Amino acid sequence: MSVHLKTHITAIGPEVAELAEGGVLILFADGAPPELAEVSVLHKTEVGPSDAAPAVGAAIVIGELEGTITAMGDSAWNKVREIGHVVINFNGAAAAERPGEICASAVEGEVLVAALRAGATITIGR
């Protein structure tokens with residue numbers, strides 16, 4: 001499996017932990033407007049994003065946390081490619097409720113929060 005995206009966390013907004021405890025992670029590329037940065041994990045891309053979206057079953061790794069993609073919204077990967085933004089919902093859903101959402105295997109909220117550290121790597125696919 002190839003790497004579709006490899007990025008590094010540069011900053012974590014003050015409201016991220018509360019969302020992450022509920023299994024929701026919002027990624028936004030560095031330079032996001034302040035009102036979006038408050039709820040987002042800001043990142044700087046090292047590899048990708050690839051032209052093709054990762055398939056269901058592709059790995060998603062955040063630091064030490066490992067999961068798999070369970071569903072991909074219709075426009076989710078386009079947003080990653082265009083502006084470095086996506087909502088990842090760690091709910092294990094087989095279908096995305098929103099077009100800009102990636103669903104991933106369910107994880108404990110506190111485990112997700114613990115994985116979110118400045119400098120940590122986020123990899124999708126491998």
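The side chain of H43 makes a polar contact with the side chain of T7 at 2.7 Å. A polar contact is a pair of N or O atoms within 3.5 Å; within protein, one must be able to donate a hydrogen and the other to accept it, and residues adjacent in sequence count only if both atoms are side-chain atoms. The model is predicted: local features need pLDDT of at least 70, side-chain atom pairs count only at pLDDT 80 or more, and totals for chains, interfaces and linings use all residues. Residues are numbered from 1 along each chain as its sequence is written, and side-chain values use heavy atoms, with hydrogens and water left out.

H43 belongs to strand β3, residues 41-47. Helices (H or I, at least four residues) and strands (E, at least two) are DSSP runs, numbered from the N terminus. H43 has a relative accessible area of 3% and is therefore buried; buried means under 20% relative accessible area, exposed over 50%, and partly exposed in between (1.4 Å probe, protein chains only). Apart from neighbours within four places in sequence, H43 is in contact (heavy atoms within 4.5 Å) with T7, H8, I9, T10, L27, F28, A29, D30 and G84. An unreviewed UniProt entry lists H43 for "modified residue: Phosphohistidine". UniProt positions are given in the numbering used here, feature names are shortened, and annotations may be inferred rather than shown by experiment.

**Salt bridges**

How many salt bridges does a search of the whole structure find? The search finds 3, where a salt bridge is a side-chain nitrogen of Lys or Arg within 4 Å of a carboxyl oxygen of Asp or Glu.

| Salt bridge | Closest N and O atoms |
|---|---|
| K6 and E46 | 3.6 Å |
| R98 and E97 | 3.8 Å |
| E101 and R98 | 3.0 Å |

K6 is partly exposed at 27% relative accessibility, and E46 is partly exposed at 46%.

E97, R98 and E101 are linked in a network of salt bridges. R98 is partly exposed at 42%, while E101 is buried at 2%.

**Nonpolar core**

The largest nonpolar core has 26 residues, and L25, I62, I88, F90 and L116 touch the most other members. Such a core is a set of buried Ala, Val, Leu, Ile, Met, Phe, Trp, Tyr and Cys residues joined through side-chain atoms within 4.5 Å. Helix α3 (residues 76-83) supplies the largest share of this core, 3 residues. Not counting residues up to four places away in sequence, I88 touches G23, V24, L25, L27, I60, I102 and A104. In soluble globular proteins, nonpolar side chains tend to be buried together.

**Two loop positions**

G48 and P49 are joined by a cis peptide bond, with omega about 0°. Most peptide bonds are trans. P49 is in the loop between β3 and β4.

G63 is in the loop between β4 (59-62) and β5 (65-72). With a relative accessible area of 32%, G63 is partly exposed. Leaving aside neighbours within four places in sequence, G63 is in contact with A120 and T121. The C-alpha atoms of G63 and A32 are separated by 22 Å, the two residues being 31 residues apart along the chain.
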